[in-house]
Amino acid sequence: MDWIIGLLCAAVVAGAAFYKKSLTLSGFAAAVLMGTVYYGAGNLFWFGTLLLFFITSTLLSRFKKERKAELEKSYAKTGNRDAGQVWANGGLGMLLCLGYAIWPHVMWQLAFVGVMATVTSDTWATEFGSLSRRPPRSVLNGKVLAPGTSGGVSVLGTAAALAGGVLIGIGAWGFGHAIGTPSLPLWLWALVGGISGSAGAFADSYLGATVQMMRSCTVCGREVEVDSHCGQTTVYVRGWRWMSNDRVNSISSIFGGLVALAGIFLIV
């Protein structure tokens with residue numbers, strides 16, 4: 001029965017996102033499959049936390065969209081998520097959910113919160129950071145960068161990353177508490193979410209500034225993630241050619257999950 005409930009709920013949410021053009025057709029299919037597993041193999045703790053990330057990130061991608069439209073032309077992924085982005089954001093969490101189903105232990109949940117806090121923090125940092133009135137600075141050396149440059153950070157974006165991670169921690173506690181799952185105190189979940197999410201978002205920026213494959217527009221000279229900009233094909237400038245934005249997201253998520261696990265040992 002849980003699998004049927006998961007399928008129906010995932011289909012409704014993903015269908016609404018597809019209708020609003022927040023998901024492509026491939027993204028819709030991936031989201032339905034993922035949501036079904038999150039609820040069928042897991043419960044509200046897993047599915048609700050995933051939903052919290054998805055809904056807040058979707059709403060933020062549409063917030064003041066006109067102001068962010070120009071910057072989005074530089075990004076490999078925008079608010080219209082395809083299957084690759086869906087799996088990069090939620091695939092690891094699904095594996096952790098399956099691991100918990102096989103061997104229930106709070107460590108699976110902690111790693112999951114770290115992973116989901118990371119993708120949420122990274123998304124919030126990007127969406128709010130792009131609205132900052134001050135230009136971003138390089139995560140490597142603090143130099144001022146052009147808005148939208150990969151590896152750039154801002155005060156507004158950093159604060160948003162922390163807030164997003166804390167929200168995931170609070171949400172995970174709430175969903176776990178609602179179904180009576182043995183859980184850590186609220187303040188500890190919030191702390192784990194905030195620290196792991198911020199650390200994961202920082203790792204994402206660091207990878208973006210160092211090894212992510214980046215291209216350059218031959219017209220405006222901007223460093224971008226896309227193959228075409230200003231109507232012209234872009235050229236490779238730096239990074240590992242196989243290190244796409246989706247792979248950066250996945251690696252930073254793993255880092256966030258590990259930080260959550262490491263942090264709890266230092267706290268308790």
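Predicted model: local features only at pLDDT ≥ 70, side-chain atom pairs only at ≥ 80, totals over all residues.
1. As to where the lining of the largest cavity comes from, at least two residues each are supplied by α1 (2–19), α2 (25–42), α3 (44–62) and α5. The largest share belongs to α3, which contributes five residues to this lining. By class, the lining of the largest cavity consists of 12 nonpolar residues, four polar residues and one charged residue.

2. The second largest cavity holds about 30 Å³ of space, and its lining is made up of Asn-89, Thr-118, Val-119, Asp-122, Asp-204, Asn-249, Ser-252 and Ser-253. Helices α6 and α9 (245–267) each supply at least two residues of that lining. The class division here is one nonpolar, five polar and two charged residues, to be set beside the 12 nonpolar, four polar and one charged of the largest cavity.

3. Turning to helix packing, the axes of α5 (residues 83–102) and α6 (residues 106–129) come within 9 Å and cross at roughly 170°. Since angles over 145 degrees count as roughly antiparallel, α5 and α6 are therefore roughly antiparallel to each other. On the α5 side the contact is made by Asn-89, Leu-92, Gly-93, Leu-96, Gly-99 and Tyr-100, and on the α6 side by Trp-108, Gln-109, Ala-111, Phe-112, Val-115, Met-116 and Val-119. Nine of the residues of this contact are nonpolar and four are polar, while none is charged.

4. For the overall fold, the protein chain has nine helices and seven strands. The radius of gyration of the chain is 18 Å, close to the 18 Å that the globule rule gives for 268 residues, so the chain is as compact as a globular protein of that length. Taken along the principal axes, the box filled by the C-alpha atoms of the chain is roughly 55 × 40 × 30 Å.

Technical notes
Residues numbered from 1 in each chain as written. Heavy atoms only, no water. Axes fitted to C-alpha atoms, helices over the stretch in contact; angles between N-to-C directions. Helix = DSSP H or I, 4+ residues; strand = E, 2+ residues; numbered from the N terminus. Parallel < 35°, antiparallel > 145°, perpendicular 65-115°, else oblique. Contact = heavy atoms within 4.5 Å. Nonpolar A, V, L, I, M, F, W, Y, C, P; charged D, E, K, R; others polar. 1 Å grid on protein atoms, 1.4 Å probe; cavity = no way out; pocket = protein on both sides within 12 Å on 5 of 7 lines; lining within 4 Å. Points joined across faces, edges and corners; volume = space filled by probe spheres on them. Rg over C-alpha atoms; globule rule 2.2 N^0.38 Å.
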